[in-house]
Amino acid sequence: MFSQYMRISLVISCQTEPQNAQSVVASYVSQSRPLDEIILVSNSHSAHIASLLKSSPKVSVVLAPKHLHTTDELHMVGLKSVTGDVCIVTDAHNPLAFDFVKRIEARFQSEKKHEQIGFLKNKEMNYLTLCDHTERSIQERIFHSFHTVFPYFYITPSRTFAFRVRDISGIKKLKQKKIVKDLNILTELFQNGSTPVCTLDTVNNAHDTQNLEVYIQGLQEAYAREWRTFRDYFSVPRTIQNVLSFSILYIKNLVFVGILFFLPLVNIRFSFTLLAGYVLLISLCTFFLAVKEKCLDALIVLPGYIFLRYVRAYVFAEQFLKVFVVLKKPSLSRVHYTIVPILGMTFSLVCGFVSVLYVDIFVYKVVFTLLCTVFFSNFAAQGAVYWLNNSYDRLT
Amino acid sequence: MIDSLKKNKLNINKFFVYLALHLFTVALIASVFLLGPTQNESFPRLRMVIIFFASVLLAKYFIYMFVSPWNDVYIAYKKRKTRMNKTMIRYEPFVSVLVPAWNEEIGIITTVEALLKSTYKKMEIVVINNASTDNTGKNVLALIEKYNKTPAEKRKIEVVYCTENAQGKGHALNTGIKKAKGDILVSIDADCFIDPKAIYNFVQHFRDPKVMAAVGNVKVGNTDTILGTIQYLEFLFSFYFKKCDSLVNTIYIIGGAAGAFRKEVFETIGNYNATNITEDIDLSVRIQAAGMKIVYAADVLVYTEGAVCLDGLMKQRLRWKRGRFETFAEHKDLFFSTNSKHNKLLSWFILPLALFGELQLGLELFFLAFLYVFSFLTHDYSSFISGIIVVSSMFFIQVAFDGKVRHKLRFFLLAPIGWLLFYVSTFVEFNALIKALWGYYRKNEIKWQKWERNGVFTDKVALKNN
């Protein structure tokens, strides 16, 4: 039996001119399995990359209005012109591995496969990029394993990913106003019941993170996007599994922030024990990675890796404050009904435990514990009401 | 000019009173840290009795506070289920709004005008002039005449005016029921300001065919004075607790200020009992006795004018208290009833607890005096501190989770002194209890009382409160 020919389109967003435009263009046009359609969406009208790509066949360049800034806004413009069966979405800073399209095609031959998240690899290595690469490799391998066991696990959007065009219903009618700002294509797929899969063999190369400043900037952008996605889609997932998987990444990072920055203030001994355990775990992971990828350099990244964890945790918390507190983009009532119940429930639980364990006078112990229960109940009910009122409306 | 000076003086007085109460609370808390409590084992039995009464009351409040918010979850769940099943069919029954008025020349126009601005248009307003001796009738007729001159396409709500010469709110409402054409009857006091969405929200609660009556969320509108603020907080407490009662169908008071009923209710159990001075409580208890379902509609906002002087407040509470006793005496078969129609929770728990509350109120002043003397002698302020913490937290929860976040900040500041503010209402309630019991024993007659009205419900005030 011959498999049906699959038309593969590539949508590239270009906001700023990449430094290595030629190598990026080369990675697109010299794929081992040629692309059927390349759509470049650019808001910088004199882009060098556009002129380079125009010389190749099957390329159409779409000039987007200058007021569109985010990657996703540009992707939305490009998606309207897509004619292929499978669409790969990327941005102009990411050259693809030469067999990227071939591997994607192989993956999508199976009807069950929906989306593939590209596996990022740094191309030019220095100590910082090596640390970053190690961390990313470990994380993506963990995600991959985790995803095999729990297919509902929500994967945060990556820079490069592919999906079947038919999975986004009415792709031509998608309006930017309907799906909010950044990285919403994956979220849209997620809403339609698709489960994105992270694959390690579809590699695309990253060129950034050459120095710490750029690295932090990139992190800030990425975490701001993640928080915005969380803020705007908080009430979207319908089932409890989805809610859990949707929030687990954020909770994980927030717990990490707590352990790194706040726990030492409360109990320094316990925090050191935890940190030691974490370092041991990372050591094992990096050792495993060094053996697996035959890259012994990975063994020297440990101090840098821990430093980067602190940087990431700091930026994560910083962006949380920025998106949820300073920018105040969501309406006050939404913050009131989402963040306040979560914080309130946590605070009530902590206070309840403290009063049970540490309050000596019986009357106070009873009163405090009961009050914490009452507060917990009220906060939980507020959260539940908000979720019940909004999740269905936002879906429809 | 004089008005603004008076207002400034009032605000300054209020500020100093609140400041003094805050200082007293802080001093009491500070004394716990500064003075170590001494061991004192005197009056063990009396202390046990006080602890027993306090424990029952606290347990009741904690249960209510724990369960109440889940009524909102239940309502949200029901709404979501309806939407998901795509059964959101149009439900627009004809509504009759009954407005009984006795000497309400100041407030009646604002009330009717607010009703005319309602977003729900399939309704009529029935104003019943109950033997008023002031300009109530004249004002209403002038308003109707003016309304009838507006273009027909804008006149979607019909206004009916009738008179009832027999004095008493029950008589007036019964006349209104006879005139009403609606499937759902809503009763609104003539001194109230109703939210434009209130009638629509009321109607939505009747989508459930089991619901036979609903009680609205009444708030005190005139909170510029200390007395008004106390009443506002009192109403906030009692209506918050109604959420819990609604969840388990144990509401037994549908206030006259905002209540809605299916017409079948009156066809089944009869009209208002005009001889009872709290005809609304009597009707509510009869509805419960008939095994019908009453719900609390928190989204139906109705602003009422609270008593502006202590004397007026005392008269109002006396009427409520006496009416409640009379109703309880009339429906004593509802207590500890084994009748399958009666709600067992109401019959075996809520109503007996209400009587227990009255007993406790009767002893409260004595208990408080004892506690003060005992605490100052022994420096053991644990009972006071617990009371402050509990009342402050309850204030905080009810203000924070009332659904409307705006205009609440100043009430948060009152949370620490809530326990002191409630002494005023305890005193008023105690006074009403004694007088009601004495009057009930002597069979003294109490009439529908009238107190001083300021007519605070201009649109501006209502908007501010909204």
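Q: Is the crossing of H2(B) and H12(B) left-handed or right-handed?
A: A crossing is left-handed if the near helix is turned anticlockwise from the far one by less than a right angle, and right-handed if clockwise; in this predicted model, the crossing of H2(B) and H12(B) is left-handed. Helix H2 of chain B covers residues 44-67, and helix H12 of chain B covers residues 344-378, where helices are DSSP runs (H or I, at least four residues) and strands are runs of E (at least two), numbered from the N terminus.

Q: At what angle do helix H2 and helix H12 of chain B pack?
A: With axes fitted to C-alpha atoms over the stretch in contact, and angles running from 0 to 180 degrees between N-to-C directions, the two helices pack at about 130°, and their axes are 9 Å apart. H2(B) and H12(B) are therefore oblique to each other (under 35 degrees is roughly parallel, over 145 roughly antiparallel, 65 to 115 roughly perpendicular, the rest oblique).

Q: Which residues of H2(B) and H12(B) make the contact?
A: Contact means heavy atoms within 4.5 Å, and among the residues that make it are Phe52(B), Phe53(B) and Tyr64(B) of H2(B), together with Phe366(B), Phe370(B) and Phe374(B) of H12(B). By class, this contact has 19 nonpolar, 1 polar and 2 charged residues (nonpolar: Ala, Val, Leu, Ile, Met, Phe, Trp, Tyr, Cys, Pro; charged: Asp, Glu, Lys, Arg; polar: the others, Gly among them).

Q: How many aromatic pairs are found over all chains?
A: Rings of Phe, Tyr and Trp (its six-membered ring) pair if their centres lie within 6.5 Å, and planes under 30 degrees apart count as stacked, over 60 as edge-to-face and the rest as tilted; the whole structure has 26 such pairs. The rings of Phe237(B) and Phe241(B) have centres 6.0 Å apart and planes at 80°, so this pair is edge-to-face. Both residues lie in helix H8 of chain B, 4 residues apart, about one turn of the helix. Phe370(B) and Phe374(B), in contrast, form a stacked pair, 5.7 Å centre to centre with 20° between the planes.

Q: Is Phe374(B) buried or exposed?
A: Buried means under 20% relative accessible area, exposed over 50% and partly exposed in between (1.4 Å probe, protein chains only), and Phe374(B), at 9%, is buried. Phe370(B) is also buried, at 11%.

Note on methods:
Residues are numbered from 1 along each chain as its sequence is written. Chains are lettered from A and ligands numbered from 1 in the order in which they are written. This is a predicted model: local features need pLDDT of at least 70, side-chain atom pairs count only at pLDDT 80 or more; totals for chains, interfaces and linings use all residues. Side-chain values use heavy atoms; hydrogens and water are left out.
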